[in-house]
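Here is a note for a student who is reading a protein model with care. Please keep the sequence and the picture side by side while going through the points.

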Amino acid sequence: MARSMKLAGLKSVENAHDESVWTATWVPATNSRPPLLLTGSLDENVKLWRPDELELVRTNTGHCLGVVSVAAHPSGVIAASASLDSLVRVFDVDTNVTIATLEAPPSEVWQMQFDPKGTTLAVAGGGSASIKLWDTATWRLPSDKSSSKKFVLSVAWSPDGRRLACGSIDGTISIFDVPHAKFLHHLEGHYMPVRSLVFSPEPDGRKLYSASDDGHVHVYDAEGKAIIGAMSGHSSWVLSVDVSPDGEAIATGSSDKTVRLWDFKMGAAIQTMSNHTDQVWAVAFRSGGGGRLASVSDDKSISLYHCS
């Protein structure tokens, strides 16, 4: 039987931001630098951190309200930050030059993610009940995906970039066929907001994990419309979910102040980390060599864990 993954605390940075840290993602390595951790905060700033010391590389200013989402292009060259000021700023990671400023309806950007090929940035539209798909070559909007008039909080791309999953405030998850620009079906089972979604990295890309305010993590066959697993253990809202690069484990962050590591085959949490003193808004595994997981919280801190 395969051994389950284990987390060990590597480094924490207290007061990493001046206010709650709401979002985090890893920027892939380039030929000239290692991967970087990208964080966004209620303090209106975006920060870049160098692993494993979590040494601050740069602070990006420019938003005039809290930063709710950050996303990194698969090339590692550009990234994006979205704020309650209704602007998405696309910038060069190494020079901080602004590449594009995308406007959204007021406070309507909740989560965003680049597709695996880096050709499209999907932005969850909140109350405008749509997913905006920005072309990363022109920064134009070729299409607006309606999400059957639901308030959309979260987005995730399948590994092949052909499917887009959208989590709604009412607990339903919508699956879209992106090449054909059509809605496929809903995934049911949650009855409270779905704040985070992630597809497993397996090539067939069918397995979708969801995190909800109902305290549950669900596992769906996104093509077959079936729920294939449900895991519970958090005592409050599950705010974030991410899957390890090998697809073997998932991590969650919750408003119960913990980070949990889960083994899908066991259908249970195998480890609970209590580094944070307030709700954990984001967890993010680093892909590539040397397993790392980062978490950020309302307690203004960042924690970095070694995955073995």
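**Notes on the model**

1. Ser69 counts as buried because its relative accessibility is 2%, where buried means under 20% relative accessible area, exposed over 50%, and partly exposed in between, using a 1.4 Å probe and protein chains only. This serine lies in strand E6, and strands (E, at least two residues), like helices (H or I, at least four), are DSSP runs numbered from the N terminus. Leaving aside neighbours within four places in sequence, Ser69 is in contact with Thr23, Ala80, Ser81, Ala82, Trp110, Gln111 and Met112, contact meaning heavy atoms within 4.5 Å. Between Ser69 and Val217, which are 148 residues apart along the chain, the C-alpha atoms are separated by 21 Å.

2. A word on the origin of these values: this is a predicted model, in which local features need pLDDT of at least 70 and side-chain atom pairs count only at pLDDT 80 or more, whereas totals for chains, interfaces and linings use all residues. Residues are numbered from 1 along each chain as its sequence is written, and side-chain values use heavy atoms, with hydrogens and water left out.

3. Which kinds of secondary structure does the chain have, and how many of each? The chain comes to 0 helices and 28 strands. With 308 residues, a compact globule would have a radius of gyration near 19 Å, and the 18 Å of this chain agrees with that; the radius is taken over C-alpha atoms, and the globule rule is 2.2 Å times the number of residues to the power 0.38. Taken along the principal axes, the C-alpha atoms fill a box of roughly 50 × 45 × 35 Å.

4. Of the 308 residues, 59% count as buried. Among contacts between residues at least 6 apart in sequence, 44% join residues at least 24 apart. The chain carries 27 positive and 34 negative side chains, and the centres of the two sets lie 4 Å apart; here Lys and Arg count as positive and Asp and Glu as negative, while His and the chain ends are not counted, and each charge is placed at NZ of Lys, CZ of Arg, CG of Asp or CD of Glu.

5. In soluble globular proteins, nonpolar side chains tend to be buried together. The largest nonpolar core in this model has 17 residues, of which Val88, Leu102, Met112, Leu121 and Trp139 touch the most other members; such a core is a set of buried Ala, Val, Leu, Ile, Met, Phe, Trp, Tyr and Cys residues joined through side-chain atoms within 4.5 Å. Strands E6 (67-72), E7 (78-83), E8 (87-92), E9 (98-103), E10 (112-114) and E11 (120-124) each supply at least two residues of this core, and the largest share, 3 residues, comes from E7. A second, separate core of 14 residues includes Ala16, Val21, Ala24 and Ala294.

6. Ser86 is found in the loop between E7 and E8 and is buried, with a relative accessible area of 13%. The C-alpha atoms of Ser86 and Ala104 are separated by 5.2 Å, although these residues are 18 apart along the chain.

7. Glu44 is found in the loop between E3 and E4 and is partly exposed, with a relative accessible area of 31%; its phi is near 80°, a positive value in a residue other than glycine.

8. Two further loop positions deserve a look. Asn15, in the loop between strand E1 (7-13) and strand E2 (21-27), has a positive phi near 50° although it is a residue other than glycine, and Asn15 is exposed, with a relative accessible area of 55%. The peptide bond from Pro51 to Asp52 is cis, with omega near -10°, and Asp52 lies in the loop between E4 and strand E5 (55-60).

9. Gly215 sits in the loop between strand E19 (207-212) and strand E20 (216-221) and counts as buried at 8% relative accessibility. Not counting residues up to four places away in sequence, Gly215 touches Met231, Ser232, His234, Ser236 and Val238.
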